[in-house]
Amino acid sequence: MKKLLIILCTSALFLSLGSSKMPETSAKKTMNIVFRGFMGLIPYMSDPMKFKDPANKVKIHTHLSTMRNAFSNARHVKKFSLPGINPSFEQVKQHLKETFDAFELGQPDFARVRLRATGQLCMTCHTQLEPNRGAVGQLNLISRSDFTTDYDYAEFLFLIRDYKKAQRYYEKDIEVVIEKTQEMAKMSKISKKLKATYKGRRIEDSLEKILTIHTKVKYNPIKVISLLDKYKDHKNISAHSKQRFSSWVSSLNKWKGIKEIQINRENQLDKFLSKYVSKYETEVAMQGGSHEVTLLIASGVLYKHLLKNPKGETGAKLLYWISKIDHILSNTYLYSLSELYLKRCITEYSKSSWAKKCYRSYEDQINIGYTGSSGKFIPEDELKEMKRLKSFLRD
Ligand code: HEC
């Protein structure tokens, strides 16, 4: 009986593998499924108690596996194999798998934190695409009341590329944060001389996203200057944040005369790189905001060029610089995929001279990453990976 069952099962497996072609999957279809899972999780994401409640376990499990499976079934989607897009795809796939595993292993707090970070990963892909005019179809089913804060709703709108509305809600959130800061100060009877200043990250987070919209996603530096002007001198914002906003403004003022950046030919690309980007080859991660505007603008330009020119030397060169920029902006803006871009540069363009540069850059990042106060310790797995990557290079 057992034997028969095994035979039945294996033949069913073969049949199902052989009988039909792989179902056609498109980016759009995948995203619809991902979105269904994501939407189902929204009510639990911002509430740790709901996320932990055993009564919700089955639902959360189902939505998480829907999302995880949608990505792992999308290997054949052409768009997801493009060199600028693929690192995001691989990362989100891995991230969702680990999030799902954490949840299954009874670590709901950890799973929830990871899940909330997923949105930032989704954005690494979406910010390379053209903006959407507004939410359509099933996206319209979601409204402000599904979220706890204006900020969470703004993040959602940013994710679905409804940038105009996202900006509105980020701005609303900033006002609420400032108001709350003042109320708290009043309640704790801080003397009137001491101004109530907000010292957290939230206002910077919101303004980073708004800045990203007008630099990286759609180049339009003028559009964001007046808003930043308002906050760079605001009496309820900490000096540290204001300093950063001021440096954004002075940087944006330098760009304001340049109406648009057109890059169609190779020599235009090289000119752009040598004028704005190549100086970041040697400078280590810079503090303050003065470089951020230029790097955000450059990353938008390079991603767009890579979508149209994924092949040969140009593709390799673009990945190299995209990775550099991503590394410098690191986790401040979205999620850093720097190492993945380098890997892709090495494996896909092994014949290019840029592959060697990418490898060197990768080696540096790993060495720095694993060097601590007690010296350098690179784990075995990573050493193996470095060896694998090196084997792609020509001597
Ligand atoms: C590998 C790249 C990539 C990643 C990662 C990604 N998306 Fe997308 N997403 C796309 C593309 C491409 C489209 C446009 C599809 C179309 O309409 O052709 C899209 C569209 C969407 C849409 C439709 C609205 C819109 O913006 O056009 C939703 C909703 C969506 N994605 C949700 C998500 C969520 C949630 C995540 C993260 C869990 C995510 N996506 C991660 C590539 C990605």
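What percentage of the contacts in the protein with a separation of 6 or more is accounted for by residues 24 or more positions apart? In this predicted model, such residues account for 66% of those contacts. The protein contains 17 helices and 2 strands, and 36% of its 395 residues count as buried.

The shell around the ligand comprises 21 residues, of which Met31, Phe35, Phe89, Cys122 and Cys125 come nearest. Two or more residues of this shell are given by each of the elements α2 (27-45), α5 (86-104) and α6 (108-126). Helix α2 provides the largest share, with 6 residues. In terms of residue class, 14 members of the shell are nonpolar, 4 are polar and 3 are charged.

Helix α5, which contributes to the ligand shell, also packs against helix α4 (residues 57-72). The angle between these two helices is about 155°, and their axes lie 9 Å apart. Because angles over 145 degrees count as roughly antiparallel, α4 is assigned a roughly antiparallel orientation relative to α5. The crossing of the two helices is left-handed. On the α4 side, the contact is formed by Ile60, His61, Leu64, Ser65, Met67, Arg68, Phe71 and Ser72. The α5 side supplies Val92, Lys93, Leu96, Lys97, Thr99, Phe100 and Phe103. The residues of this contact between α4 and α5 comprise 8 nonpolar, 4 polar and 3 charged.

A further helix pair is formed by α10 (residues 222-232) and α11 (residues 239-255), which pack at an angle of about 150°. The axes of α10 and α11 are 9 Å apart. The two helices are therefore roughly antiparallel to each other, and α10 passes α11 in a left-handed crossing. Classification of the contact of α10 with α11 gives 8 nonpolar, 2 polar and 3 charged residues.

Two packed helices are described by the angle between their axes and the distance between the axes. In these terms, the packing of α4 and α5 is given by about 155° and 9 Å, and that of α10 and α11 by about 150° and 9 Å.

How values were computed: Residues numbered from 1 in each chain as written. Predicted model: local features only at pLDDT ≥ 70, side-chain atom pairs only at ≥ 80, totals over all residues. Near = placed C-beta within 6 Å. Helix = DSSP H or I, 4+ residues; strand = E, 2+ residues; numbered from the N terminus. Nonpolar A, V, L, I, M, F, W, Y, C, P; charged D, E, K, R; others polar. Axes fitted to C-alpha atoms, helices over the stretch in contact; angles between N-to-C directions. Parallel < 35°, antiparallel > 145°, perpendicular 65-115°, else oblique. Left-handed = near helix turned anticlockwise from the far one by under 90°. Contact = placed C-beta atoms within 7 Å. Buried ≥ 20, exposed ≤ 12 C-beta atoms within 10 Å, placed from the backbone.
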